[in-house]
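This briefing gathers what can be read from the model about its ligand surroundings, its strand pairing and a few points of backbone geometry. Please keep the sequence and the structure in view while going through the points below.

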Amino acid sequence: MVRLVLVLGDQLSPDLSALRKCDRASDVVVMAEVGDEASYVSHHPKKIAFIFAAMRKFAESLRNDGWQVAYTKLDDPENTGSITGELIRHASAFDAAGIVYTEPGEWRLIKALGDMPLKTHSLPDDRFIASHQDFDDWAQGRKQLRMEYFYRDMRRKTGLLMNGDQPEGGKWNYDHDNRKPAPASVDYSGPMQFTADETVEDVLTLVARRFANNFGDLHPFWFATDTGQARRHLAHWVKGGLPKFGDFQDAMLNDHRYLYHSFIGLYLNAGLLDPLEVCQAAETAYRDGHAPLNAVEGFIRQIIGWREYMRGIYFREGPDYVTRNALGHDRKLPGMYWGAETRMNCIAKAVDQTRTEGYAHHIQRLMVAGNFALLAGIDPAEVHEWYLAVYVDAYEWVEAPNVIGMSLFADDGIIASKPYISSGNYIHKMSDYCGSCQYRVQDKTGPDACPFNLLYWHFLDRHRDRFQGNPRMGNMYRVWDKMDSSRREQILSEAADFLARMDNGDPV
Ligand code: DLZ
Ligand code: SF4
């Protein structure tokens with residue numbers, strides 16, 4: 001009897017476990033553009049367009065490989081609006097014996113599929129290097145789940161940048177070389193851009209019509225939408241971006257949104273590129289003398305370290321992870337995250353880039369948007385939803401641990417050993433933002449004081465009970481305590497005033 005093989009919008013890999021399990025001669029692939037997936041958060045229009053276009057092209061490539069594909073377009077009149085609805089509809093039409101699928105990357109869908117009144121068979125998503133079992137075995141009995149040790153195991157497991165059982169160059173991690181301030185000029189042209197073909201044009205018309213009110217610009221749209229294009233993009237970046245990626249990976253510039261970043265998460269997370277193929281391309285560049293070790297090691301760590309570790313945490317911690325709020329933060333996300341006026345140039349730049357591109361790099365996400373949200377005490381659930389919606393590469397398995405855990409410390413330190421907070425100084429050191437800001441980064445108090453400077457102390461002061469004993473934060477409290485009390489009071493009162501004006505909707 002026929003089985004249905006579900007392929008989700010972020011499972012666009014020809015060797016997906018569900019496809020491997022089934023038979024193209026007798027089984028039917030189900031792919032569906034559905035309202036539920038397109039609107040569980042208000043996704044950036046570029047994200048929806050990318051997923052739909054890549055889904056349509058993937059369906060076509062499966063057909064060319066001999067599969068029968070039942071593909072539902074968003075506008076199809078019989079579209080039931082949900083993945084489970086589409087499976088039930090097709091199960092009846094094909095008189096299917098059951099559904100085979102690769103485990104989705106989100107608890108919400110795992111539950112919905114498991115609850116269906118149909119015979120289902122879920123397979124592990126083995127596009128990842130660590131299985132859930134691998135991660136749990138590693139985590140078992142450890143007091144702290146530090147990424148660095150997990151990463152070393154992944155290096156050993158994959159053999160990437162290894163000489164026998166020793167790390168290439170004698171060290172596991174070259175991050176101290178990867179924190180150079182912003183360069184004067186950037187000699188990489190940025191991600192490869194692709195002209196929209198007919199499939200992409202059709203999708204752009206659909207998305208423009210159906211998601212006109214979502215935050216974000218649909219045009220210009222130049223993403224790769226199939227594996228062939230994504231591989232060309234990868235080769236272009238390895239040649240032009242990778243050599244200096246490490247040096248400047250934490251830097252930010254007003255006029256260079258991508259610097260040397262790979263812009264590869266979008267393609268990896270949808271399944272157009274495979275993590276090992278991407279890492280091997282980077283390692284080859286190193287072995288050929290084209291890119292230095294600090295760049296290649298830093299990049300490979302992002303993929304087989306952070307990315308896999310984030311997924312491990314998401315699945316280990318369970319469905320309630322996204323609701324955690326260890327610091328009890330409950331402020332509403334201010335309008336500036338949706339493009340309302342702000343005097344803070346760093347926030348304005350990060351948000352503007354997010355609106356136009358659906359992309360900001362990791363330091364803009366962590367040390368500008370995330371740092372501000374943490375310092376200001378914004379509700380982690382709102383921040384989480386924002387990140388999931390606005391970034392084109394965001395799926396919950398990777399976004400939630402990054403935001404809830406790493407950026408907002410809302411998981412009470414499972415991921416981070418201390419909160420990632422900084423005053424304006426860090427942003428000043430790593431970017432050229434402060435020079436064109438209406439605030440003055442040098443000012444610690446007064447009408448033009450950089451809000452990060454005020455909120456930094458406000459955060460530490462209001463969470464003293466929790467963090468004073470943290471060995472990595474003792475210094476911060478010692479500096480705070482050495483200030484005279486009138487100065488401390490002035491900082492706290494100006495910070496409170498700033499927050500009140502922000503809550504009031506005033507442009508701050
Ligand atoms: C993100 C997304 C969107 C916008 N639309 C669809 C869709 O219409 N059909 C689909 O199969 N998948 C879509 N996705 C991706 C899913 O939301 C994703 O598979 C789950 O969140 C699990 O990671
Ligand atoms: Fe951001 Fe402060 Fe610098 Fe302005 S002065 S860009 S608010 S860090």
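In this predicted model, helix H3 gives three residues to the shell around ligand 1, which is the largest share of that shell. Ligand 1 itself sits in the largest cavity, whereas the space taken by ligand 2 is the second largest cavity.

- At least two residues of the shell around ligand 1 are supplied by each of three helices, namely H2 (35-39), H3 (45-64) and H5 (107-114).
- There are 19 residues around ligand 1, and those that come nearest are Asp10, Ala32, Val34, Glu37 and Glu106.
- Sorted by class, the shell around ligand 1 contains 11 nonpolar residues, together with five charged and three polar ones.

**Polar contacts and cover of ligand 1**

- Aspartate 10 places a polar side-chain atom 2.6 Å from an oxygen atom of ligand 1, and valine 34 has a polar backbone atom 2.9 Å from an oxygen atom of the ligand.
- Tyrosine 40 also takes part through its side chain, where an N or O atom is 3.3 Å from an oxygen atom of ligand 1.
- On its own, ligand 1 has 490 Å² of accessible area, and the protein covers 100% of it.

- The residues around ligand 2 are Met344, Cys346, Gly424, Ile427, Tyr433, Cys434, Cys437, Tyr439, Val441, Cys450 and Phe452.
- The shell around ligand 2 divides into 10 nonpolar residues and one polar residue, with no charged residue, while the shell around ligand 1 has five charged residues.

**Strand pairing**

- Strand S1 (residues 3-6) runs parallel to strand S4 (residues 98-102), and four bridges join these two strands.
- Strand S1 is also joined by three bridges to strand S2 (residues 28-32), and these two strands likewise run parallel.

**Backbone geometry in the loops**

- The peptide bond that leads from histidine 219 to proline 220 is cis, and its omega is near -5°.
- Proline 220 belongs to the loop that lies between helix H8 (198-210) and helix H9 (227-240).
- Aspartate 95 has a positive phi of about 50°, although this residue is not a glycine.
- The place of aspartate 95 is in the loop between helix H4 (83-93) and strand S4, the strand that four bridges join to S1.

Note on methods: Residues are numbered from 1 along each chain as its sequence is written. Chains are lettered from A and ligands numbered from 1 in the order in which they are written. This is a predicted model: local features need pLDDT of at least 70, side-chain atom pairs count only at pLDDT 80 or more; totals for chains, interfaces and linings use all residues. Side-chain values use heavy atoms; hydrogens and water are left out. Two strands pair if DSSP finds at least two bridges between them. A residue is near a molecule or strand if one of its heavy atoms lies within 4 Å of it. A polar contact is a pair of N or O atoms within 3.5 Å; within protein, one must be able to donate a hydrogen and the other to accept it, and residues adjacent in sequence count only if both atoms are side-chain atoms. Accessible areas come from the Shrake-Rupley method with a 1.4 Å probe; for residues, only the protein chains shown count as cover. On a 1 Å grid over the protein atoms alone, a cavity is a set of points where a 1.4 Å probe fits but cannot get out, and a pocket is an open set with protein on both sides within 12 Å along at least five of seven lines; lining residues have an atom within 4 Å of a point. A molecule sits in a cavity or pocket if more than half of its atoms lie within 2 Å of its grid points. Ala, Val, Leu, Ile, Met, Phe, Trp, Tyr, Cys and Pro count as nonpolar, Asp, Glu, Lys and Arg as charged, and the others, Gly among them, as polar.
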